[in-house]
Amino acid sequence: MSRFPLLVGAALVLVGGGAAAVMVLAPVSDPAGETEGSTGSPSAGSIGDEVTPTRLGRKRVTSRALRASSASKALWAALRRAQREGRPFDAFDALQSLREGHPESVPTDAPVIAEIETAVLDLVAAAAERDEALALAARVRGALMLTASQDRLRRILSKFTGGLTAEEALVVAGGRDDVERDALARHLKRFGPEKPGVDRAIATPDWVDATLARVPQRITRRKTKVVPLPVADVDEAEERRLAQLEKLRQREAVHLLDHIHAGLAWLAIHQSADGSIDDKAVTARCKKLKHDPICTDITGQRGGRYRLAATSLMVLAFLDFRDQDARALFEPSLADAVQWVLSQQKPDGSLGVLRYEAPIALMALGQAASSSGRPDLIAAVEKGWAYHGRVAGPLGGFRYSARQVGDVSVTGWYVQAFEAAVAAGAEIPVRTKQGLTDFVGQHWDGDSGFGYTSKVPRASLRSVGMLSQQILGSVRDEELRDSWREVLAVPPKKTGRRLNLYSLYYDVRMELLLDGVLSDARRDAVTALAADWQVHEGHAAGMFDTSPRITVGEGKKSKGTEHASQWIGSRGGTAVFTAFSILTLEHALYRR
(Lines give C-alpha, C1' and ligand atoms only; values in the text may rest on other atoms or scores of the structure.)
Protein backbone atom coordinates (compact mmCIF):
# COMPACT_ATOMS: atom_id res chain seq x y z
CA MET A 1 0.00 0.00 0.00
CA SER A 2 1.21 3.50 -0.82
CA ARG A 3 2.45 5.58 2.11
CA PHE A 4 0.09 8.27 0.77
CA PRO A 5 -3.31 6.54 0.56
CA LEU A 6 -5.70 7.91 -2.02
CA LEU A 7 -8.83 9.66 -0.88
CA VAL A 8 -11.69 7.40 0.08
CA GLY A 9 -15.25 7.98 -1.03
CA ALA A 10 -17.57 10.13 1.02
CA ALA A 11 -20.17 8.45 3.21
CA LEU A 12 -23.81 9.39 2.83
CA VAL A 13 -25.56 9.67 6.20
CA LEU A 14 -29.23 10.38 6.77
CA VAL A 15 -29.68 12.49 9.87
CA GLY A 16 -32.92 13.52 11.49
CA GLY A 17 -36.35 12.43 10.48
CA GLY A 18 -39.39 13.33 8.45
CA ALA A 19 -39.33 16.55 6.41
CA ALA A 20 -36.34 17.80 8.35
CA ALA A 21 -34.16 14.88 7.27
CA VAL A 22 -30.93 16.04 5.67
CA MET A 23 -28.42 14.05 3.69
CA VAL A 24 -24.89 14.85 4.93
CA LEU A 25 -21.58 14.02 3.28
CA ALA A 26 -19.01 12.81 5.78
CA PRO A 27 -15.59 14.43 5.40
CA VAL A 28 -12.80 12.71 3.56
CA SER A 29 -9.22 12.03 4.61
CA ASP A 30 -6.44 13.76 2.66
CA PRO A 31 -3.05 12.15 1.88
CA ALA A 32 -1.57 13.67 5.02
CA GLY A 33 -3.99 11.62 7.08
CA GLU A 34 -5.95 14.61 8.39
CA THR A 35 -9.54 15.57 7.80
CA GLU A 36 -10.11 18.11 5.05
CA GLY A 37 -10.93 21.42 6.68
CA SER A 38 -10.36 20.06 10.20
CA THR A 39 -9.60 22.59 12.92
CA GLY A 40 -9.23 20.17 15.78
CA SER A 41 -12.93 20.23 16.73
CA PRO A 42 -15.71 17.94 15.41
CA SER A 43 -16.30 18.88 11.78
CA ALA A 44 -19.68 20.06 10.59
CA GLY A 45 -21.65 17.22 9.05
CA SER A 46 -19.80 14.43 10.89
CA ILE A 47 -21.65 11.23 11.66
CA GLY A 48 -23.90 11.70 14.67
CA ASP A 49 -24.12 15.49 14.28
CA GLU A 50 -27.51 16.95 14.86
CA VAL A 51 -28.32 19.07 11.82
CA THR A 52 -30.50 22.07 12.55
CA PRO A 53 -31.81 24.65 10.07
CA THR A 54 -29.13 27.14 11.25
CA ARG A 55 -26.47 24.69 10.16
CA LEU A 56 -27.84 23.73 6.77
CA GLY A 57 -25.42 26.18 5.09
CA ARG A 58 -22.57 23.97 6.17
CA LYS A 59 -23.54 21.48 3.47
CA ARG A 60 -22.12 23.94 0.95
CA VAL A 61 -18.85 24.08 2.89
CA THR A 62 -18.68 20.29 2.84
CA SER A 63 -19.36 20.30 -0.89
CA ARG A 64 -16.50 22.70 -1.48
CA ALA A 65 -14.25 20.52 0.67
CA LEU A 66 -15.15 17.51 -1.49
CA ARG A 67 -14.28 19.40 -4.66
CA ALA A 68 -10.94 20.48 -3.14
CA SER A 69 -10.29 16.89 -2.05
CA SER A 70 -11.03 15.67 -5.54
CA ALA A 71 -8.52 18.13 -7.04
CA SER A 72 -5.96 17.14 -4.43
CA LYS A 73 -6.52 13.47 -5.24
CA ALA A 74 -5.92 14.13 -8.94
CA LEU A 75 -2.67 15.99 -8.27
CA TRP A 76 -1.35 13.25 -5.99
CA ALA A 77 -2.21 10.70 -8.67
CA ALA A 78 -0.34 12.75 -11.28
CA LEU A 79 2.64 13.06 -8.94
CA ARG A 80 2.83 9.30 -8.36
CA ARG A 81 2.43 8.58 -12.06
CA ALA A 82 5.27 10.97 -12.93
CA GLN A 83 7.49 9.26 -10.35
CA ARG A 84 6.75 5.79 -11.72
CA GLU A 85 7.44 6.95 -15.30
CA GLY A 86 10.72 8.67 -14.41
CA ARG A 87 9.62 12.28 -14.93
CA PRO A 88 11.08 14.05 -11.86
CA PHE A 89 10.29 17.61 -12.96
CA ASP A 90 6.66 16.75 -13.67
CA ALA A 91 6.44 15.22 -10.21
CA PHE A 92 8.07 18.36 -8.79
CA ASP A 93 5.54 20.59 -10.60
CA ALA A 94 2.65 18.52 -9.23
CA LEU A 95 4.10 18.86 -5.74
CA GLN A 96 4.27 22.65 -6.13
CA SER A 97 0.64 22.72 -7.30
CA LEU A 98 -0.34 20.79 -4.19
CA ARG A 99 1.63 23.20 -1.98
CA GLU A 100 -0.05 26.20 -3.56
CA GLY A 101 -3.61 24.90 -3.85
CA HIS A 102 -3.83 22.29 -1.10
CA PRO A 103 -1.06 22.99 1.44
CA GLU A 104 -2.81 20.98 4.14
CA SER A 105 -2.34 17.82 2.05
CA VAL A 106 1.45 18.12 1.93
CA PRO A 107 3.15 17.16 5.20
CA THR A 108 6.53 18.89 5.34
CA ASP A 109 8.34 15.81 6.63
CA ALA A 110 6.98 13.39 4.02
CA PRO A 111 9.62 11.09 2.48
CA VAL A 112 8.11 11.73 -0.96
CA ILE A 113 9.38 15.33 -0.81
CA ALA A 114 12.96 14.16 -0.32
CA GLU A 115 12.51 11.61 -3.13
CA ILE A 116 11.29 14.22 -5.62
CA GLU A 117 13.79 16.95 -4.70
CA THR A 118 16.69 14.48 -4.84
CA ALA A 119 15.58 13.33 -8.29
CA VAL A 120 15.40 16.82 -9.80
CA LEU A 121 18.72 17.85 -8.26
CA ASP A 122 20.33 14.72 -9.73
CA LEU A 123 19.29 16.02 -13.16
CA VAL A 124 20.72 19.48 -12.44
CA ALA A 125 24.01 17.93 -11.32
CA ALA A 126 24.12 15.70 -14.42
CA ALA A 127 23.78 18.62 -16.85
CA ALA A 128 26.63 18.72 -19.34
CA GLU A 129 26.72 22.49 -19.87
CA ARG A 130 26.47 25.52 -17.58
CA ASP A 131 23.48 27.01 -19.40
CA GLU A 132 21.58 23.71 -19.20
CA ALA A 133 22.30 23.45 -15.46
CA LEU A 134 21.20 27.04 -14.83
CA ALA A 135 18.01 26.58 -16.84
CA LEU A 136 17.11 23.47 -14.84
CA ALA A 137 18.05 25.15 -11.56
CA ALA A 138 15.78 28.07 -12.42
CA ARG A 139 12.81 25.69 -12.38
CA VAL A 140 13.40 24.61 -8.78
CA ARG A 141 15.10 27.71 -7.35
CA GLY A 142 13.04 29.16 -4.51
CA ALA A 143 10.67 26.18 -4.41
CA LEU A 144 12.78 23.55 -2.64
CA MET A 145 11.25 22.70 0.73
CA LEU A 146 14.13 20.92 2.41
CA THR A 147 17.20 22.75 3.74
CA ALA A 148 19.42 19.88 2.63
CA SER A 149 18.10 20.26 -0.93
CA GLN A 150 18.73 24.01 -0.90
CA ASP A 151 22.31 23.48 0.28
CA ARG A 152 22.91 20.86 -2.38
CA LEU A 153 21.63 23.18 -5.14
CA ARG A 154 24.09 25.87 -4.03
CA ARG A 155 26.96 23.38 -4.18
CA ILE A 156 25.93 22.17 -7.64
CA LEU A 157 25.63 25.69 -9.04
CA SER A 158 28.98 26.81 -7.65
CA LYS A 159 30.61 24.22 -9.94
CA PHE A 160 28.90 25.62 -13.01
CA THR A 161 29.35 29.33 -12.21
CA GLY A 162 33.05 29.82 -11.56
CA GLY A 163 33.90 33.11 -9.89
CA LEU A 164 30.64 33.29 -7.95
CA THR A 165 29.61 32.29 -4.46
CA ALA A 166 26.84 29.75 -3.98
CA GLU A 167 24.31 32.46 -3.10
CA GLU A 168 25.30 34.50 -6.16
CA ALA A 169 24.99 31.41 -8.34
CA LEU A 170 21.36 31.10 -7.21
CA VAL A 171 20.75 34.69 -8.33
CA VAL A 172 22.26 33.94 -11.74
CA ALA A 173 20.15 30.79 -12.05
CA GLY A 174 17.05 32.98 -11.77
CA GLY A 175 17.82 34.71 -15.08
CA ARG A 176 15.20 34.32 -17.79
CA ASP A 177 17.65 33.31 -20.52
CA ASP A 178 21.35 32.97 -21.32
CA VAL A 179 21.74 36.69 -22.05
CA GLU A 180 20.27 37.68 -18.69
CA ARG A 181 22.27 35.07 -16.81
CA ASP A 182 25.49 36.26 -18.47
CA ALA A 183 24.73 39.88 -17.53
CA LEU A 184 24.12 38.91 -13.90
CA ALA A 185 27.32 36.85 -13.80
CA ARG A 186 29.39 39.73 -15.24
CA HIS A 187 27.93 42.14 -12.70
CA LEU A 188 28.68 39.85 -9.76
CA LYS A 189 32.23 39.17 -10.95
CA ARG A 190 32.93 42.88 -11.36
CA PHE A 191 31.52 44.02 -8.04
CA GLY A 192 31.09 40.96 -5.81
CA PRO A 193 33.10 40.87 -2.57
CA GLU A 194 36.54 39.28 -2.56
CA LYS A 195 36.27 35.68 -1.35
CA PRO A 196 39.06 33.13 -0.77
CA GLY A 197 39.11 30.63 -3.61
CA VAL A 198 36.68 32.65 -5.75
CA ASP A 199 38.26 33.89 -8.98
CA ARG A 200 36.36 36.99 -10.17
CA ALA A 201 38.24 37.35 -13.46
CA ILE A 202 36.08 37.83 -16.56
CA ALA A 203 37.16 35.56 -19.39
CA THR A 204 36.30 37.96 -22.22
CA PRO A 205 36.40 41.64 -21.14
CA ASP A 206 34.21 44.06 -23.08
CA TRP A 207 33.84 47.86 -23.45
CA VAL A 208 32.46 48.15 -19.92
CA ASP A 209 35.44 46.31 -18.40
CA ALA A 210 37.81 48.56 -20.33
CA THR A 211 36.07 51.62 -18.86
CA LEU A 212 36.06 50.20 -15.33
CA ALA A 213 39.78 49.42 -15.59
CA ARG A 214 40.54 53.14 -15.87
CA VAL A 215 38.88 53.98 -12.53
CA PRO A 216 41.65 52.62 -10.22
CA GLN A 217 44.23 54.56 -12.26
CA ARG A 218 42.50 57.81 -11.42
CA ILE A 219 42.26 56.99 -7.71
CA THR A 220 45.87 55.86 -7.24
CA ARG A 221 47.21 59.04 -8.84
CA ARG A 222 45.49 61.37 -6.42
CA LYS A 223 47.53 63.20 -3.82
CA THR A 224 44.95 63.34 -1.03
CA LYS A 225 44.11 60.42 1.22
CA VAL A 226 40.54 59.23 0.92
CA VAL A 227 38.52 58.23 3.97
CA PRO A 228 35.54 56.16 2.72
CA LEU A 229 32.10 56.66 4.22
CA PRO A 230 31.25 54.04 6.83
CA VAL A 231 28.48 51.57 6.05
CA ALA A 232 25.66 51.95 8.56
CA ASP A 233 24.94 48.19 8.73
CA VAL A 234 27.21 45.79 6.81
CA ASP A 235 24.95 42.74 7.23
CA GLU A 236 21.88 44.60 6.04
CA ALA A 237 23.85 45.95 3.07
CA GLU A 238 24.77 42.40 2.03
CA GLU A 239 21.14 41.30 2.30
CA ARG A 240 20.08 44.25 0.17
CA ARG A 241 22.74 43.44 -2.44
CA LEU A 242 21.19 40.13 -3.41
CA ALA A 243 17.61 41.33 -2.83
CA GLN A 244 18.16 44.24 -5.23
CA LEU A 245 19.35 41.86 -7.92
CA GLU A 246 16.22 39.77 -7.41
CA LYS A 247 14.08 42.88 -7.93
CA LEU A 248 16.15 43.76 -10.96
CA ARG A 249 15.43 40.34 -12.45
CA GLN A 250 11.72 40.57 -11.66
CA ARG A 251 11.54 43.95 -13.39
CA GLU A 252 13.18 42.48 -16.51
CA ALA A 253 15.83 45.19 -16.41
CA VAL A 254 19.03 43.17 -16.02
CA HIS A 255 20.27 44.49 -19.36
CA LEU A 256 20.70 47.95 -17.80
CA LEU A 257 23.54 46.81 -15.53
CA ASP A 258 26.34 47.22 -18.06
CA HIS A 259 25.17 50.76 -18.83
CA ILE A 260 25.11 51.69 -15.15
CA HIS A 261 28.61 50.26 -14.62
CA ALA A 262 30.07 52.27 -17.51
CA GLY A 263 28.23 55.46 -16.55
CA LEU A 264 29.50 55.40 -12.97
CA ALA A 265 33.01 54.67 -14.20
CA TRP A 266 32.86 57.70 -16.54
CA LEU A 267 31.84 59.94 -13.62
CA ALA A 268 34.68 58.62 -11.42
CA ILE A 269 37.27 59.03 -14.17
CA HIS A 270 36.23 62.62 -14.99
CA GLN A 271 35.69 63.79 -11.41
CA SER A 272 38.04 66.63 -10.45
CA ALA A 273 40.70 66.20 -7.74
CA ASP A 274 38.58 68.09 -5.19
CA GLY A 275 35.69 65.64 -5.65
CA SER A 276 33.37 67.84 -7.71
CA ILE A 277 32.29 67.54 -11.33
CA ASP A 278 30.89 69.78 -14.05
CA ASP A 279 31.63 70.24 -17.76
CA LYS A 280 34.64 72.43 -16.99
CA ALA A 281 36.08 69.70 -14.78
CA VAL A 282 35.36 67.07 -17.46
CA THR A 283 37.28 69.11 -20.04
CA ALA A 284 40.26 69.52 -17.68
CA ARG A 285 40.34 65.80 -16.86
CA CYS A 286 40.18 64.83 -20.54
CA LYS A 287 43.10 67.11 -21.33
CA LYS A 288 45.15 65.77 -18.42
CA LEU A 289 44.45 62.18 -19.43
CA LYS A 290 45.12 63.03 -23.11
CA HIS A 291 41.71 61.87 -24.28
CA ASP A 292 41.08 62.29 -27.97
CA PRO A 293 38.48 63.49 -28.63
CA ILE A 294 37.71 65.41 -25.46
CA CYS A 295 34.32 64.39 -24.12
CA THR A 296 32.91 67.90 -24.09
CA ASP A 297 33.96 68.35 -27.73
CA ILE A 298 31.63 65.47 -28.54
CA THR A 299 28.72 67.09 -26.72
CA GLY A 300 29.64 70.66 -27.63
CA GLN A 301 29.37 71.83 -24.00
CA ARG A 302 32.23 73.12 -21.84
CA GLY A 303 30.44 75.35 -19.36
CA GLY A 304 30.94 75.21 -15.62
CA ARG A 305 27.31 75.78 -14.69
CA TYR A 306 25.49 73.81 -12.03
CA ARG A 307 28.60 72.37 -10.38
CA LEU A 308 26.78 71.75 -7.11
CA ALA A 309 23.85 70.09 -8.88
CA ALA A 310 26.11 67.90 -11.04
CA THR A 311 28.21 66.79 -8.06
CA SER A 312 25.13 66.13 -5.91
CA LEU A 313 23.52 64.04 -8.67
CA MET A 314 26.80 62.13 -8.93
CA VAL A 315 26.67 61.47 -5.16
CA LEU A 316 23.12 60.13 -5.52
CA ALA A 317 24.16 57.89 -8.43
CA PHE A 318 27.09 56.43 -6.44
CA LEU A 319 24.87 55.95 -3.37
CA ASP A 320 22.15 54.12 -5.29
CA PHE A 321 24.79 51.63 -6.46
CA ARG A 322 26.59 51.41 -3.14
CA ASP A 323 25.10 48.12 -1.93
CA GLN A 324 26.14 46.49 -5.21
CA ASP A 325 29.69 47.84 -5.04
CA ALA A 326 30.91 45.25 -2.53
CA ARG A 327 34.50 45.75 -3.76
CA ALA A 328 34.30 49.47 -2.98
CA LEU A 329 35.51 50.51 -6.43
CA PHE A 330 33.59 53.79 -6.30
CA GLU A 331 33.93 54.45 -2.56
CA PRO A 332 36.84 56.91 -2.90
CA SER A 333 34.95 58.90 -5.55
CA LEU A 334 31.81 58.89 -3.41
CA ALA A 335 33.66 60.02 -0.28
CA ASP A 336 35.36 62.87 -2.14
CA ALA A 337 32.11 64.02 -3.72
CA VAL A 338 30.22 63.96 -0.41
CA GLN A 339 32.99 65.92 1.27
CA TRP A 340 32.92 68.54 -1.49
CA VAL A 341 29.14 68.97 -1.24
CA LEU A 342 29.43 69.26 2.54
CA SER A 343 32.08 71.95 2.12
CA GLN A 344 29.64 74.05 0.10
CA GLN A 345 27.27 74.51 3.04
CA LYS A 346 27.47 78.00 4.47
CA PRO A 347 27.46 78.76 8.22
CA ASP A 348 23.74 79.64 8.05
CA GLY A 349 22.96 76.17 6.63
CA SER A 350 22.25 77.24 3.05
CA LEU A 351 23.53 75.26 0.08
CA GLY A 352 24.34 77.08 -3.15
CA VAL A 353 21.54 79.08 -4.67
CA LEU A 354 17.87 78.29 -4.31
CA ARG A 355 16.25 76.83 -7.44
CA TYR A 356 17.12 73.19 -8.11
CA GLU A 357 20.70 73.03 -6.87
CA ALA A 358 19.91 73.56 -3.20
CA PRO A 359 17.32 70.77 -2.74
CA ILE A 360 19.34 68.31 -4.85
CA ALA A 361 22.37 68.98 -2.62
CA LEU A 362 20.22 68.62 0.49
CA MET A 363 18.87 65.35 -0.88
CA ALA A 364 22.41 64.08 -1.56
CA LEU A 365 23.55 64.88 1.99
CA GLY A 366 20.43 63.22 3.39
CA GLN A 367 20.99 59.99 1.46
CA ALA A 368 24.69 60.02 2.38
CA ALA A 369 23.74 60.42 6.04
CA SER A 370 21.23 57.57 5.78
CA SER A 371 23.75 55.26 4.09
CA SER A 372 26.64 56.00 6.45
CA GLY A 373 25.03 57.08 9.74
CA ARG A 374 27.74 59.75 10.06
CA PRO A 375 26.73 62.26 12.78
CA ASP A 376 28.29 65.24 10.98
CA LEU A 377 26.21 64.54 7.89
CA ILE A 378 23.01 64.21 9.92
CA ALA A 379 23.86 67.51 11.61
CA ALA A 380 24.43 69.15 8.22
CA VAL A 381 21.03 67.93 7.01
CA GLU A 382 19.31 69.33 10.10
CA LYS A 383 21.17 72.63 9.73
CA GLY A 384 20.21 72.78 6.06
CA TRP A 385 16.55 72.21 6.75
CA ALA A 386 16.55 74.75 9.56
CA TYR A 387 17.68 77.37 7.02
CA HIS A 388 15.55 76.28 4.06
CA GLY A 389 12.48 75.95 6.23
CA ARG A 390 12.84 79.64 7.11
CA VAL A 391 13.04 80.77 3.47
CA ALA A 392 10.07 78.81 2.16
CA GLY A 393 7.45 80.76 0.23
CA PRO A 394 4.27 82.07 1.85
CA LEU A 395 2.34 78.95 0.78
CA GLY A 396 5.03 76.51 1.95
CA GLY A 397 6.68 75.83 -1.42
CA PHE A 398 9.98 76.85 -3.00
CA ARG A 399 11.18 78.49 -6.19
CA TYR A 400 14.13 80.66 -7.23
CA SER A 401 14.66 83.02 -4.32
CA ALA A 402 14.00 83.25 -0.60
CA ARG A 403 10.33 83.47 0.39
CA GLN A 404 9.19 83.59 -3.23
CA VAL A 405 5.85 81.97 -4.07
CA GLY A 406 6.84 78.43 -4.99
CA ASP A 407 6.30 76.16 -7.97
CA VAL A 408 5.65 72.41 -7.95
CA SER A 409 8.78 71.55 -9.98
CA VAL A 410 11.34 72.98 -7.55
CA THR A 411 9.23 71.98 -4.55
CA GLY A 412 9.23 68.36 -5.80
CA TRP A 413 12.98 68.20 -5.19
CA TYR A 414 12.54 69.59 -1.68
CA VAL A 415 10.01 66.81 -1.04
CA GLN A 416 12.59 64.22 -2.10
CA ALA A 417 15.18 65.93 0.10
CA PHE A 418 12.68 65.70 2.97
CA GLU A 419 12.27 61.96 2.25
CA ALA A 420 16.06 61.48 2.46
CA ALA A 421 16.28 63.47 5.70
CA VAL A 422 13.60 61.33 7.35
CA ALA A 423 15.41 58.15 6.26
CA ALA A 424 18.59 59.50 7.87
CA GLY A 425 16.81 60.09 11.17
CA ALA A 426 17.34 63.85 11.01
CA GLU A 427 15.05 66.10 13.02
CA ILE A 428 13.01 68.29 10.69
CA PRO A 429 10.71 71.09 11.91
CA VAL A 430 7.09 69.95 11.86
CA ARG A 431 6.04 73.12 10.06
CA THR A 432 8.31 72.16 7.13
CA LYS A 433 6.42 68.98 6.29
CA GLN A 434 3.10 70.72 6.82
CA GLY A 435 4.16 73.53 4.50
CA LEU A 436 5.19 71.09 1.76
CA THR A 437 1.96 69.13 2.18
CA ASP A 438 -0.21 72.25 2.03
CA PHE A 439 1.62 73.63 -1.00
CA VAL A 440 1.37 70.48 -3.13
CA GLY A 441 -2.28 70.08 -2.12
CA GLN A 442 -3.08 73.62 -3.24
CA HIS A 443 -1.75 72.83 -6.73
CA TRP A 444 -3.62 69.52 -7.12
CA ASP A 445 -6.90 69.05 -8.98
CA GLY A 446 -7.87 66.13 -6.72
CA ASP A 447 -7.10 63.44 -9.30
CA SER A 448 -3.89 63.10 -11.32
CA GLY A 449 -3.43 66.73 -12.37
CA PHE A 450 -0.89 69.10 -10.80
CA GLY A 451 -0.18 72.65 -11.85
CA TYR A 452 3.04 74.65 -11.91
CA THR A 453 2.01 77.71 -9.91
CA SER A 454 -1.75 77.06 -9.97
CA LYS A 455 -4.16 74.14 -10.21
CA VAL A 456 -4.10 74.21 -14.02
CA PRO A 457 -2.63 70.76 -14.80
CA ARG A 458 0.64 70.33 -16.64
CA ALA A 459 1.41 66.91 -18.06
CA SER A 460 5.11 67.24 -17.20
CA LEU A 461 4.27 67.73 -13.51
CA ARG A 462 1.85 64.84 -13.16
CA SER A 463 4.34 62.37 -11.65
CA VAL A 464 6.11 65.13 -9.69
CA GLY A 465 2.88 65.84 -7.85
CA MET A 466 1.92 62.19 -7.44
CA LEU A 467 5.34 61.34 -6.01
CA SER A 468 5.20 64.31 -3.64
CA GLN A 469 1.77 63.33 -2.36
CA GLN A 470 2.88 59.74 -1.88
CA ILE A 471 6.07 60.66 0.00
CA LEU A 472 4.24 63.12 2.24
CA GLY A 473 1.57 60.53 3.06
CA SER A 474 -1.23 62.69 1.75
CA VAL A 475 -2.91 59.92 -0.25
CA ARG A 476 -4.45 56.92 1.49
CA ASP A 477 -7.29 56.27 -0.94
CA GLU A 478 -6.60 53.07 -2.87
CA GLU A 479 -9.14 54.03 -5.53
CA LEU A 480 -7.13 57.18 -6.22
CA ARG A 481 -3.95 55.15 -6.47
CA ASP A 482 -5.73 52.88 -8.95
CA SER A 483 -6.60 55.97 -10.97
CA TRP A 484 -2.94 56.98 -10.95
CA ARG A 485 -1.92 53.51 -12.12
CA GLU A 486 -4.27 53.84 -15.08
CA VAL A 487 -2.82 57.21 -15.99
CA LEU A 488 0.77 55.98 -15.75
CA ALA A 489 -0.05 52.88 -17.80
CA VAL A 490 -0.75 55.05 -20.86
CA PRO A 491 2.45 55.13 -22.97
CA PRO A 492 3.92 58.62 -23.42
CA LYS A 493 3.40 60.30 -26.77
CA LYS A 494 6.03 59.59 -29.38
CA THR A 495 8.13 62.70 -29.91
CA GLY A 496 10.68 61.37 -32.35
CA ARG A 497 14.23 61.84 -31.17
CA ARG A 498 13.26 64.17 -28.32
CA LEU A 499 13.94 62.87 -24.80
CA ASN A 500 12.07 64.12 -21.76
CA LEU A 501 14.43 62.77 -19.11
CA TYR A 502 12.82 64.87 -16.39
CA SER A 503 9.41 63.20 -16.83
CA LEU A 504 10.97 59.76 -17.28
CA TYR A 505 12.82 60.05 -13.97
CA TYR A 506 9.61 60.90 -12.09
CA ASP A 507 7.47 58.36 -13.95
CA VAL A 508 9.91 55.57 -13.04
CA ARG A 509 10.04 56.64 -9.40
CA MET A 510 6.26 56.85 -9.18
CA GLU A 511 5.58 53.47 -10.77
CA LEU A 512 8.05 51.76 -8.45
CA LEU A 513 6.69 53.53 -5.40
CA LEU A 514 3.16 52.36 -6.23
CA ASP A 515 3.78 48.71 -7.09
CA GLY A 516 7.51 48.02 -7.29
CA VAL A 517 7.32 47.15 -11.00
CA LEU A 518 7.81 49.01 -14.27
CA SER A 519 5.23 49.16 -17.01
CA ASP A 520 6.26 48.05 -20.48
CA ALA A 521 6.24 51.68 -21.62
CA ARG A 522 8.70 52.80 -18.91
CA ARG A 523 10.91 49.76 -19.38
CA ASP A 524 11.11 50.50 -23.10
CA ALA A 525 11.92 54.14 -22.31
CA VAL A 526 14.82 53.39 -19.94
CA THR A 527 16.13 50.78 -22.39
CA ALA A 528 16.11 53.39 -25.16
CA LEU A 529 17.87 55.88 -22.86
CA ALA A 530 20.73 53.43 -22.33
CA ALA A 531 20.93 52.20 -25.93
CA ASP A 532 20.46 55.48 -27.82
CA TRP A 533 22.01 58.17 -25.64
CA GLN A 534 25.04 56.55 -24.04
CA VAL A 535 28.48 56.42 -25.70
CA HIS A 536 29.72 52.81 -25.89
CA GLU A 537 33.32 53.17 -27.09
CA GLY A 538 36.51 55.13 -26.61
CA HIS A 539 37.46 57.40 -23.71
CA ALA A 540 33.92 58.80 -23.64
CA ALA A 541 32.41 55.35 -23.03
CA GLY A 542 29.75 55.61 -20.34
CA MET A 543 28.92 59.27 -20.98
CA PHE A 544 25.41 60.26 -22.03
CA ASP A 545 25.65 62.47 -25.10
CA THR A 546 23.73 65.77 -25.14
CA SER A 547 24.70 66.71 -28.69
CA PRO A 548 21.81 65.29 -30.77
CA ARG A 549 19.62 68.09 -32.08
CA ILE A 550 16.21 68.09 -33.73
CA THR A 551 14.49 70.51 -36.06
CA VAL A 552 11.55 72.33 -34.51
CA GLY A 553 8.74 73.07 -36.93
CA GLU A 554 8.73 72.74 -40.72
CA GLY A 555 9.24 75.09 -43.64
CA LYS A 556 8.55 78.74 -42.89
CA LYS A 557 7.36 77.80 -39.41
CA SER A 558 10.67 76.20 -38.58
CA LYS A 559 12.25 77.52 -35.41
CA GLY A 560 15.63 76.01 -36.19
CA THR A 561 17.09 73.24 -34.04
CA GLU A 562 17.18 72.51 -30.36
CA HIS A 563 18.79 69.94 -28.10
CA ALA A 564 16.87 66.67 -28.29
CA SER A 565 17.76 66.13 -24.61
CA GLN A 566 15.73 69.24 -23.74
CA TRP A 567 16.66 71.45 -20.81
CA ILE A 568 18.48 68.87 -18.65
CA GLY A 569 20.97 68.32 -21.46
CA SER A 570 21.00 71.76 -23.04
CA ARG A 571 21.19 73.76 -19.79
CA GLY A 572 22.56 71.28 -17.30
CA GLY A 573 25.35 70.10 -19.58
CA THR A 574 27.18 66.82 -20.05
CA ALA A 575 27.91 66.03 -16.38
CA VAL A 576 24.38 66.80 -15.18
CA PHE A 577 22.80 64.88 -18.07
CA THR A 578 25.03 61.83 -17.51
CA ALA A 579 24.51 61.70 -13.73
CA PHE A 580 20.76 62.23 -14.09
CA SER A 581 20.52 59.48 -16.73
CA ILE A 582 22.43 56.99 -14.57
CA LEU A 583 20.24 57.83 -11.60
CA THR A 584 17.13 57.15 -13.69
CA LEU A 585 18.47 53.76 -14.78
CA GLU A 586 19.36 52.88 -11.19
CA HIS A 587 15.89 53.80 -9.98
CA ALA A 588 14.54 51.34 -12.53
CA LEU A 589 16.57 48.65 -10.79
CA TYR A 590 16.81 49.46 -7.11
CA ARG A 591 14.23 51.99 -5.89
CA ARG A 592 11.62 50.39 -3.67
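Student: What percentage of the 592 residues in the protein is buried? After that, please take me through the contact of α7 with α10.

Tutor: The model is predicted, so local features need pLDDT of at least 70 and side-chain atom pairs count only at pLDDT 80 or more, while totals for chains, interfaces and linings use all residues. Numbering starts from 1 along each chain as its sequence is written, and side-chain values use heavy atoms, with hydrogens and water left out.

Of the 592 residues in the protein, 53% are buried; buried means under 20% relative accessible area, exposed means over 50%, and partly exposed lies in between (1.4 Å probe, protein chains only). The protein has 24 helices and 4 strands, taken as DSSP runs numbered from the N terminus (helices H or I, at least four residues; strands E, at least two). Contact means heavy atoms within 4.5 Å. Among contacts between residues at least 6 apart in sequence, 69% join residues at least 24 apart.

Now the part you asked about. Helix α7 covers residues 178-191 and helix α10 covers residues 257-270; their axes come within 10 Å and cross at roughly 30 degrees. Axes are lines fitted to C-alpha atoms, for helices over the stretch in contact, and angles run from 0 to 180 degrees between N-to-C directions. The two helices, α7 and α10, are therefore roughly parallel to each other (under 35 degrees; over 145 is roughly antiparallel, 65 to 115 roughly perpendicular, and the rest oblique). On the α7 side the contact is made by Ala183, Leu184, Arg186, His187, Arg190 and Phe191, and on the α10 side by Leu257, Asp258 and His261. By class, the contact of α7 with α10 has 4 nonpolar, 2 polar and 3 charged residues. Here Ala, Val, Leu, Ile, Met, Phe, Trp, Tyr, Cys and Pro count as nonpolar, Asp, Glu, Lys and Arg as charged, and the others, Gly among them, as polar.

Arg186, Arg190, Asp206, Asp209 and Asp258 are linked in a network of salt bridges, a salt bridge being a side-chain nitrogen of Lys or Arg within 4 Å of a carboxyl oxygen of Asp or Glu. Arg190 is buried, because its relative accessible area is 8%, whereas Asp206, at 26%, counts as partly exposed.

The loop between α7 and α8 holds another such residue. The side chains of Arg200 and Glu168 form a salt bridge at 2.8 Å, N to O. Arg200 is in that loop and Glu168 is in helix α6 (residues 166-173), so the link spans parts 32 residues apart in sequence. Both Arg200 and Glu168 are buried. In total the count comes to 32 salt bridges.

Glu252 lies in the loop between α9 (234-250) and α10, and its phi is near 55 degrees, a positive value in a residue other than glycine. Most residues other than glycine have a negative phi, and most peptide bonds are trans. Glu252 is partly exposed, since its relative accessibility is 32%. Elsewhere, the peptide bond from Asp292 to Pro293 is cis, with omega near 5 degrees; Pro293 lies in the loop between α11 (279-288) and α12 (295-299).

Last, the nonpolar cores, each a set of buried Ala, Val, Leu, Ile, Met, Phe, Trp, Tyr and Cys residues joined through side-chain atoms within 4.5 Å. The largest has 116 residues, and those with the most contacts inside it are Leu267, Phe330, Trp385 and Trp413. Helix α17 (residues 408-424) gives the largest share of this core, 10 residues. Apart from its neighbours within four places in sequence, Trp385 is in contact with residues including Leu362, Tyr414, Phe418 and Leu436. A second, separate core of 44 residues includes Leu136, Leu164, Ala185 and Val254.
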